[in-house]
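This report describes a protein model, starting with its metal site and moving on to its cores and pockets. Please look at the sequence and the structure before reading on.

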Amino acid sequence: MTDSNPRRLQDLFENNQRWANRISTSDPEFFAKLAAQQSPEYLWIGCSDSRVPANQIVDLLPGEIFVHRNVANMVVHTDFNCLTVLQYAIDVLRVKHVIVVGHYGCGGVRAAYENADNGLIDNWLRNIKDVLHRSRARINALADEEARINLLCELNVSAQVANVCHTTIVQNAWQRGQNLTVHGWVYSLEDGRLKDLNCSVDGIDQIPDVYRVLP
Ligand code: CO
């Protein structure tokens, strides 16, 4: 099958040239500096949703934020992709903040809330169903379905923040005295604003005994 609209891909290259020219004009050394080294202070773990692009939302340039995105901003303990990003960000780049960023109206969270058959993705979304199951009473107390799903979006972020903290990677960093805080934020598609869910964790004493890794 041939590309029905080859013009559009060409647009992307043209956009790229304009963008690179614009940055080089304002800072001729920009790309040379970045090519030599990256030293971001933040790791963003967000949803793959095209409406939630990390750099643009927090208005940061290339080089300033390390990013991992998947469906519904999950941190699953057997996901070597996410764990690899986490380890590289903490052990090598030495980021100071890991930020799990959910968003209201998340399609992945909605799919987990519903009981439809979506195929393979349902296995991934099982992790959110666990959050839903644990907080069923609190969620059902809300009458409006959209409000329920938005609450589940927030609870899912808190659960993933806990998952980040329970990894050996984060706990080992704390044990060696590295300055590292894990945060949970949620983004509104409707007004472009981020909200801090105030569930930040910055030490091993703040996680339940059962998850602690002690030397
Ligand atoms: Co989403």
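The cobalt ion is held by three donors, Cys47 (SG), His103 (NE2) and Cys106 (SG), at 2.0 to 2.3 Å. Donors here are N, O and S atoms within 2.8 Å of the metal (3.2 Å for Na, K and Ca), and sites may look incomplete because water is not among the atoms. Along the chain the donors follow the spacing C-x55-H-x2-C. Cys47 in strand β1 and Cys106 in the loop between β3 and α5 are 59 residues apart, so this pair links distant parts of the chain. Both Cys47 and Cys106 are buried, where buried means under 20% relative accessible area, exposed over 50% and partly exposed in between (1.4 Å probe, protein chains only).

The model is predicted: local features need pLDDT of at least 70 and side-chain atom pairs count only at pLDDT 80 or more, while totals for chains, interfaces and linings use all residues. Residues are numbered from 1 along each chain as its sequence is written, and side-chain values use heavy atoms, with hydrogens and water left out.

**Overall layout**

The protein has 9 helices and 5 strands. Helices (H or I, at least four residues) and strands (E, at least two) are DSSP runs, numbered from the N terminus. In sequence order the pattern is α-α-β-α-β-α-β-α-α-α-α-α-β-β. The C-alpha trace spans about 55 × 50 × 35 Å along its principal axes. Of the 215 residues, 41% count as buried. Among contacts (heavy atoms within 4.5 Å) between residues at least 6 apart in sequence, 62% join residues at least 24 apart.

**Nonpolar cores**

In soluble globular proteins, nonpolar side chains tend to be buried together. A nonpolar core is a set of buried Ala, Val, Leu, Ile, Met, Phe, Trp, Tyr and Cys residues joined through side-chain atoms within 4.5 Å. The largest nonpolar core has 51 residues, of which Leu43, Leu86, Ile90, Val98 and Val164 touch the most other members. Helix α8 gives the largest share of this core, 10 residues. Leaving out residues up to four places away in sequence, Val98 touches several residues, including Leu43, Ile45, Leu86, Ile90 and Val164. A second, separate core of 9 residues includes Ile57, Ile99, Val101 and Trp185.

Which residues of α9 are buried? They are Ile169, Val170, Gln171, Ala173 and Trp174, and they pack against α4, α8 and β4. After α9 comes Gly177, whose phi is positive, near 85 degrees.

**Pockets**

On a 1 Å grid over the protein atoms alone, a pocket is an open set of points where a 1.4 Å probe fits, with protein on both sides within 12 Å along at least five of seven lines; lining residues have an atom within 4 Å of a point. A volume is the space filled by probe spheres set on the points, which are joined across faces, edges and corners.

| Pocket | Volume | Share from α8 |
|---|---|---|
| Largest | about 330 Å³ | 7 residues |

Of the 20 residues lining the largest pocket, Arg134, Ala159, Ala162, Asn163 and His166 are the closest to its centre. The lining of the second largest pocket includes Cys106, Tyr104 and Glu146. Cys106 is also a donor to the cobalt ion.
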